[in-house]
There are 6 protein chains.
Amino acid sequence: MAHKASIFRKEHFNAAHRLNNPAFSDEENARVFGKCNNPNYHGHNYDLIVKITGHVQPDTGYVMDAKLLSDLIRKFVIDAFDHKNLNLDVAAFKNKNPTVEHIAIEIYDILRTKINEGLDLKIILYETERNYAEYPA
Amino acid sequence: MAHKASIFRKEHFNAAHRLNNPAFSDEENARVFGKCNNPNYHGHNYDLIVKITGHVQPDTGYVMDAKLLSDLIRKFVIDAFDHKNLNLDVAAFKNKNPTVEHIAIEIYDILRTKINEGLDLKIILYETERNYAEYPA
Amino acid sequence: MAHKASIFRKEHFNAAHRLNNPAFSDEENARVFGKCNNPNYHGHNYDLIVKITGHVQPDTGYVMDAKLLSDLIRKFVIDAFDHKNLNLDVAAFKNKNPTVEHIAIEIYDILRTKINEGLDLKIILYETERNYAEYPA
Amino acid sequence: MAHKASIFRKEHFNAAHRLNNPAFSDEENARVFGKCNNPNYHGHNYDLIVKITGHVQPDTGYVMDAKLLSDLIRKFVIDAFDHKNLNLDVAAFKNKNPTVEHIAIEIYDILRTKINEGLDLKIILYETERNYAEYPA
Amino acid sequence: MAHKASIFRKEHFNAAHRLNNPAFSDEENARVFGKCNNPNYHGHNYDLIVKITGHVQPDTGYVMDAKLLSDLIRKFVIDAFDHKNLNLDVAAFKNKNPTVEHIAIEIYDILRTKINEGLDLKIILYETERNYAEYPA
Amino acid sequence: MAHKASIFRKEHFNAAHRLNNPAFSDEENARVFGKCNNPNYHGHNYDLIVKITGHVQPDTGYVMDAKLLSDLIRKFVIDAFDHKNLNLDVAAFKNKNPTVEHIAIEIYDILRTKINEGLDLKIILYETERNYAEYPA
């Protein structure tokens, strides 16, 4: 019987963003989002960790080929997010606030369609070394 | 339906401590706690990670405002523990050995009363880069 | 009633390895394992984190003595793997591909016999800062 | 005779920026600055290390009070740069390309007027973990 | 002709300390040293980097054997400072304030007598990730 | 007048190696190189930092284009060293012991011919987080 294990692959991207809810007043946006509400944007070095859980394949010793996983992340996430303005350049955030939670969920939704259904997927996303999110919980 | 995610906030404090059980003999304390039993104390740079799990709020994109979380940690934990002698300056450790497990539990108990009941709470506490604890398991 | 918590201890070892399945053709090994298939071996600085979960003992404040845990890891894992060629010097990998998943499982099997049965055990093994595995899932 | 030593203080800020030279054609800007030329900006978590060299004061054991140094950095650099768009929000970069070299020089010029003339000053600025600059050389 | 290079060896120790100058009034000590003046001590995980500069020996390819350097640091520095109260347990700080500058100078003085005179020596000492010192400048 | 600054670019490679001097007896090799003398090789994750010092170009704000520097390092160093056995696969170490000092000197010699003569070059090479070298001193 195969063993169940998880593998993790870390990639990164650099992006600008702004936190803002157009349904809020300016005062409410300033109060809720503080410095992150700057209309001229600010930015981060995002560290992205993708966790894949499944059975270790006896012939390779892999849960999943980490090189293939890296290629999928780069093609479908990094190329779309790196050196971009998340609010202006990424369609998903035209109408959704690019908080670290929402970006993690968006990356999950992108990768979920690319990863074998038999494998579990989790996203860990660092906005800074001190603020990060995990999805699903 | 809202998505369930976790956010993490990292803070730190520097403190002195000594591991000792007054119910043990001197020899037993020396044997069990080794160098950590030095009666003159030693110390650490503690890295504290607080994990909050709950639903992502649709209007903010937050599980919880990380700035508010940081303020709570600083007000109720860091101000009480930073640049302190845990055995002498923190009431909770007058009669409880300040192991990394016990400090993590104490921080949990402090923050549990300050964080919305609908949110799950977990504490990860690094005593050194190589020794750390998580509570609850 | 005792609290349930986890403690973590980090150790490291440096080793050479090669990924290869003798049942595959040379072409298949090259395609599946890429640069990791180099017959002359390559190597890594492995960071090993051992996680132990159990009840905090009231008299010590320990789930398990981290010094004792460190001694067990060094005696039964580090001494066997450090500055070794995993394929040639470690019996377990004579007939098993030393992927990060397989090495984590082997370390689990070694330590499981040395750690009190009442304590849960998990292995987190970093092959590089960007590739790591966890067992059991 | 007092000993000469250096102290270092690390702070950080998050900012958006764009690399562009208005004297270049669009093609030249794209060729020279690549992805960093995105007109919608991208961003980074900047890690700033300030190095101060001078004599250790016999009465304090300090080259300079690190708390005072931190306060100066925060007041004159972090408050001006953090959560800002360097091109739009910081006057110095209205007509100067905000490369990591230029930002380091600007921070040096700001702090040089605030630090005692008897102390040497050096700036180390990380744009990412893998790209950083030091000024003066 | 041999090449001149530097090697670095990192070790660590955990210690308690207090900053205080008995020649100052209580008010002056509180003002100058702030939280670091706590009479009950606080503590740190110190990271120590020893830099040795000299000619690369043609027969070994070493400036100096890093294992031998590590042994010297452990025997003469770590064993004396680790899990100690610097003010109470280390003779050098009975009458000298254990600032990060003074500790670096003390470590230099200890190691200078143990390292071959033909090799240059420099000490880099981290009190926290954000505060560190280098001696000599 | 242009300002003089340094830029740094970090890359990495994973390799196997063995420390041995064929002019030494087996006993002497074992004594001098210890565990690093294992005839079956061991390995490391090498972190390579290349430091370039020169004048900041007024039109770009660059000492040197970091992307171009990265390309040179990858083409002439990483492609030659990554996932290789340094003793067997890299001609320079057929007759030279691959200590961290010698590898740093070899990388310097490779890159010195590729980098503009007006720019100073320095190599910092981490064999492990705790052992590293710098050349030239």
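Q: How do you know how chain E is related to chain B in this predicted model?
A: In the predicted model, chain E is superposed on chain B by a rotation of 180° with 0.0 Å of shift along the axis, and the RMSD is 0.0 Å. The two copies are therefore related as by a two-fold rotation axis. Both copies use the same surface, for 100% of the contact residues of chain E recur in chain B.

Q: What makes the interface of chain A and chain B, and how many residues does each chain give?
A: Chain A contributes 19 residues to the contact and chain B contributes 23 residues. Between them the two chains bury about 1,800 Å², of which 50% lies on carbon and sulfur atoms. Of the area that chain A buries against chain B, 38% is supplied by A:Glu101, A:Arg130 and A:Tyr132, more than by any other three residues.

Q: Why is the meeting of A:Arg130 and B:Glu11 called a salt bridge?
A: The term requires a side-chain nitrogen of Lys or Arg within 4 Å of a carboxyl oxygen of Asp or Glu. Across the interface of chain A and chain B, the rule finds three salt bridges.

Q: Why are S1(D) and S2(D) said to pair?
A: Pairing calls for at least two bridges between two strands. Strand S1 (residues 4-17) and strand S2 (residues 42-55) of chain D have 14 bridges in the antiparallel sense, so they pair. Opposite D:Gly43 in S2(D) stands D:Ala16.

Q: What makes S2(D) and S4(D) a pair?
A: Seven bridges join S2(D) to strand S4 (residues 120-128) of chain D in the antiparallel sense. With at least two required, these strands therefore pair as well. D:Asp47, for example, has D:Tyr126 in S4(D) as its bridge partner.

Q: Why is S2(D) called mostly covered?
A: Of the 14 residues of S2(D), 12 are buried. Buried stands for under 20% relative accessible area.

Q: How do you know on which side of H1(D) the buried residues lie?
A: In helix H1 (residues 26-33) of chain D, the residues D:Asn29, D:Val32 and D:Phe33 are buried. They cover an arc of only 75° around the axis, which means that they lie on the same side of H1(D). D:Glu27 and D:Arg31, on the other side of H1(D), are exposed.

Q: What follows H1(D)?
A: D:Gly34 follows the helix, and its phi is positive, near 55°.

Notes: Residues are numbered from 1 along each chain as its sequence is written. Chains are lettered from A and ligands numbered from 1 in the order in which they are written. This is a predicted model: local features need pLDDT of at least 70, side-chain atom pairs count only at pLDDT 80 or more; totals for chains, interfaces and linings use all residues. Side-chain values use heavy atoms; hydrogens and water are left out. Copies are superposed by least squares on the C-alpha atoms of residues with pLDDT of at least 70 in both. Contact means heavy atoms within 4.5 Å. Buried means under 20% relative accessible area, exposed over 50%, partly exposed in between (1.4 Å probe, protein chains only). Helices (H or I, at least four residues) and strands (E, at least two) are DSSP runs, numbered from the N terminus. The arc is that of the directions from the helix axis to the C-beta atoms. Buried area is the accessible area (1.4 Å probe) that two parts lose on being put together, summed over both.
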